[in-house]
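Let's take a walk through a protein chain together, starting from the inside.

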Amino acid sequence: MQFHHHGYVSEEPRVKPAAGVGIDRPEELPDEVDVLIVGTGPAGMIAAAQLSQFPNITTRIVERRSGRLVIGQADGIQARSVETFQAFGFAERIIAEAYRITEMAFWKPDPAEPSRIVRAAVTQDDPTGVSEFPHLIVNQARVLDYFAEVAAHSPTRLTPDYGYEFVGLEIADEGEYPVTVTLHHTAGKHEGQHRTVRAKYVMGADGARSRVREAIGCHMVGDKANHAWGVMDVLAVTDFPDIRTKCSIQSEAGNILLIPREGGFLFRMYVDLGVVSEDDYGAVRETPIEEIIRRANAIIHPYTLEVRNVAWHSVYEVGHRLTDRFDDLVGDAVGTRTPRVFIAGDACHTHSAKAGQGMNVSMQDGWNLGWKLGHVLEGRSPESLLSTYSAERQVVAKNLIDFDREWSTMMAKKPEEFANPSELEDFYVRTAEFPAGFMTEYTPSMIIGVGAHQDLATGFPIGKRFKSAPVVRVGDANPIHLGHHATADGRWRIYVFADQARAGEASAVADLAEWLATAPGSPVTATPAGLDRDAWFDVKVIYQQDHTGVDLGQVPEVFLPKVGPFQLTDYEKVYAADPADDIFDQRGIDRAGAVVLVRPDGYVANVLPVAATDELVAFFRPALSSTAPATV
């Protein structure tokens with residue numbers, strides 16, 4: 001964590017100085033805003049936290065509840081989400097309070113006595129090491145609390161506006177604030193009254209029954225699996241030996257997915273309630289908690305479960321549904337203007353809870369849209385950037401639903417229905433990278449390259465998330481993960497992996513550094529006057545020598561920028577390979593060097609040769625606004 005560059009800090013360094021719209025921020029929801037977010041779920045809160053880092057953008061997030069979420073239904077936190085938490089600054093704290101999944105046990109009928117269950121297999125949760133971060137279980141409400149803290153401590157001092165329910169919206173053909181939103185006061189001194197807010201952009205993150213989705217005419221398409229599950233978070237006494245281990249339990253009486261919860265005592269059970277008849281008409285949703293507990297006991301026989309306290313419970317039918325689009329553009333409007341209203345999270349895609357994907361994918365929706373809105377509203381990027389949101393995230397949602405349909409179907413099978421007795425655990429291990437969040441791969445666009453030089457850095461696949469690796473920070477000899485220094489501040493990352501020359505020697509990297517610092521076509525020189533030189537593009541260098549072989553006095557100035565009002569030198573952009581775990585070897589980086597471009601949401605945008613300045617110009621040309629101070 002870096003601070004003091006704006007002056008001495010003696011209090012909590014996570015609290016950034018108020019700036020822009022955060023100075024004297026009005027407590028009441030204003031009549032006009034840049035971005036109005038509807039819903040304080042995972043998608044909405046991460047978008048708000050991201051937009052809160054842009055000091056001159058007025059973002060407000062409204063919620064129909066009168067206060068924070070108390071009990072969250074989602075709890076599975078995949079490793080990609082923990083990487084995201086690292087970018088927002090709270091990974092270490094949430095890991096400390098979460099339950100960490102290390103193994104999954106598979107229980108099945110005892111071949112000798114099928115009425116009893118026995119442990120059939122135990123698999124490692126992440127056998128291939130897809131991330132340095134763990135798979136966690138933590139209450140959704142706590143995740144939202146952390147994002148709320150980030151937003152509240154940001155320069156804009158963003159906090160949710162509770163007690164506002166979305167009613168409807170209208171989109172005008174022109175005007176600075178073309179979207180007029182009608183809200184209903186659900187709490188407070190104006191309870192029962194309506195009011196309107198005008199916005200440049202609106203994001204609907206208001207859940208599976210999204211009114212924003214309905215207002216822009218999006219349709220959910222999909223089906224139900226006609227299978228019901230009871231889910232309960234409970235405190236109980238049991239003799240089942242794996243009660244603190246994630247388990248798939250298959251028995252003659254049905255199936256259970258067991259998820260231990262944070263805190264050491266609480267656990268969640270998804271209890272099989274069986275096939276739902278076509279004429280049920282929702283009656284299964286009225287299944288009492290006593291029946292769910294009874295079925296759980298039948299499934300885990302010969303073990304018993306004595307529930308002492310029920311924190312939360314519900315009944316749901318598995319369904320897989322996806323919207324036809326993620327924004328307001330439809331029919332003749334496509335190609336004539338850019339989107340003004342967007343939907344994210346459960347408003348776009350619904351599925352079972354079995355794969356633990358709902359909150360995780362929703363957060364990536366929100367982050368994807370958040371930084372793009374920030375860049376457009378700040379004038380960094382053209383409005384056409386916003387069209388990439390629906391194009392990118394709809395494909396991800398479709399892949400998620402296809403995966404979840406297969407996984408949830410397998411979870412509902414009876415043991416005798418499997419062709420191979422180990423089919424379920426084999427599938428769990430084989431597909432581990434997908435639910436972990438690492439199979440997202442964006443296709444070429446204005447912000448994703450075509451991959452002509454992928455061979456220069458094979459371990460950083462273009463379109464996939466930047467997979468961190470150990471390096472040594474030269475200035476203080478600290479071993480760190482390279483990706484952990486990339487915060488959710490809205491900046492692009494330019495990682496320059498040096499050739500074999502040393503700092504100060506004539507080399508392609510020295511030439512690139514000079515070009516980045518001075519050339520009219522350099523993305524760095526597109527940063528407006530008055531801002532720190534690295535305000536838009538965070539440029540880092542990684543040398544092949546160990547840290548003792550890198551002379552900071554010889555490192556080009558573009559890698560040691562001056563920041564803050566005192567123009568202090570930032571020494572945390574110069575790295576060296578760790579001899580014990582060389583990043584060049586780990587990520588397949590060519591020893592002649594390479595440039596890896598990474599988006600503000602952590603996805604690799606392109607890989608280029610060190611000398612390919614013309615290609616660097618061509619790549620950033622569509623992503624930078626024509627109104628930017630420098631042309632590229």
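This is a predicted model: local features need pLDDT of at least 70, side-chain atom pairs count only at pLDDT 80 or more; totals for chains, interfaces and linings use all residues.

Residue numbers begin at 1 and follow the chain as its sequence is written.

Start with the core. The largest nonpolar core holds 111 residues. Inside that core, Phe147 and Phe559 are the residues with the most contacts. Pick out Phe147 and look at what surrounds it. Leaving out residues up to four places away in sequence, Phe147 touches Met45, Ile46, Ala49, Phe85, Phe88, Phe90 and Met363. There is also a second, separate core, with 29 residues, including Ala457, Phe460, Val471 and Val598.

The largest cavity has about 230 Å³ of space in it, and 21 residues line it. To find the spot, look for Arg80, Phe466, Gly483, Ala486 and Gly602, the lining residues that lie nearest its centre. What sort of residues make up this lining? They divide into 9 nonpolar, 6 polar and 6 charged. Helix 2 (79-88) and strand 21 (492-497) each supply at least two of the lining residues. Helix 2 gives the most, with 4 residues.

Is helix 2 mostly covered or mostly open? Mostly covered: 10 of its 10 residues are buried. Among them are Arg80 and Glu83, along with Phe85 and Phe88. What covers the buried residues of helix 2 includes helix 1 (42-51), strand 3 (76-77), helix 3 (91-97), strand 7 (135-137), helix 4 (140-152) and helix 7 (358-378). After helix 2 comes Gly89, which has a positive phi, near 95°.

Time for some single residues. Asp534 sits in the loop between helix 10 (508-518) and strand 22 (537-543). Buried or exposed? Asp534 has a relative accessibility of 8%, so it counts as buried. Its side chain makes a polar contact of 3.1 Å with the side chain of Lys573. Apart from neighbours within four places in sequence, Asp534 is in contact with Arg491, Pro561, Val563, Asp570 and Lys573.

Arg340 is found in another loop, between strand 16 (305-323) and strand 17 (341-343). Arg340 is buried because its relative accessible area is 17%, and the cut-off for buried is under 20%. What does its side chain pair up with?

Last, turn to Glu103, in strand 5 (residues 103-110). With 40% relative accessibility, Glu103 counts as partly exposed. Glu103 and Val122 are 19 residues apart along the chain, and their C-alpha atoms are separated by 6.6 Å. Beyond its neighbours within four places in sequence, Glu103 is in contact with Val122, Thr123, Asp125, Thr245 and Lys246.

Notes. Side-chain values use heavy atoms; hydrogens and water are left out. A nonpolar core is a set of buried Ala, Val, Leu, Ile, Met, Phe, Trp, Tyr and Cys residues joined through side-chain atoms within 4.5 Å. Buried means under 20% relative accessible area, exposed over 50%, partly exposed in between (1.4 Å probe, protein chains only). Contact means heavy atoms within 4.5 Å. On a 1 Å grid over the protein atoms alone, a cavity is a set of points where a 1.4 Å probe fits but cannot get out, and a pocket is an open set with protein on both sides within 12 Å along at least five of seven lines; lining residues have an atom within 4 Å of a point. Grid points are joined across faces, edges and corners, and a volume is the space filled by probe spheres set on the points. Ala, Val, Leu, Ile, Met, Phe, Trp, Tyr, Cys and Pro count as nonpolar, Asp, Glu, Lys and Arg as charged, and the others, Gly among them, as polar. A polar contact is a pair of N or O atoms within 3.5 Å; within protein, one must be able to donate a hydrogen and the other to accept it, and residues adjacent in sequence count only if both atoms are side-chain atoms.
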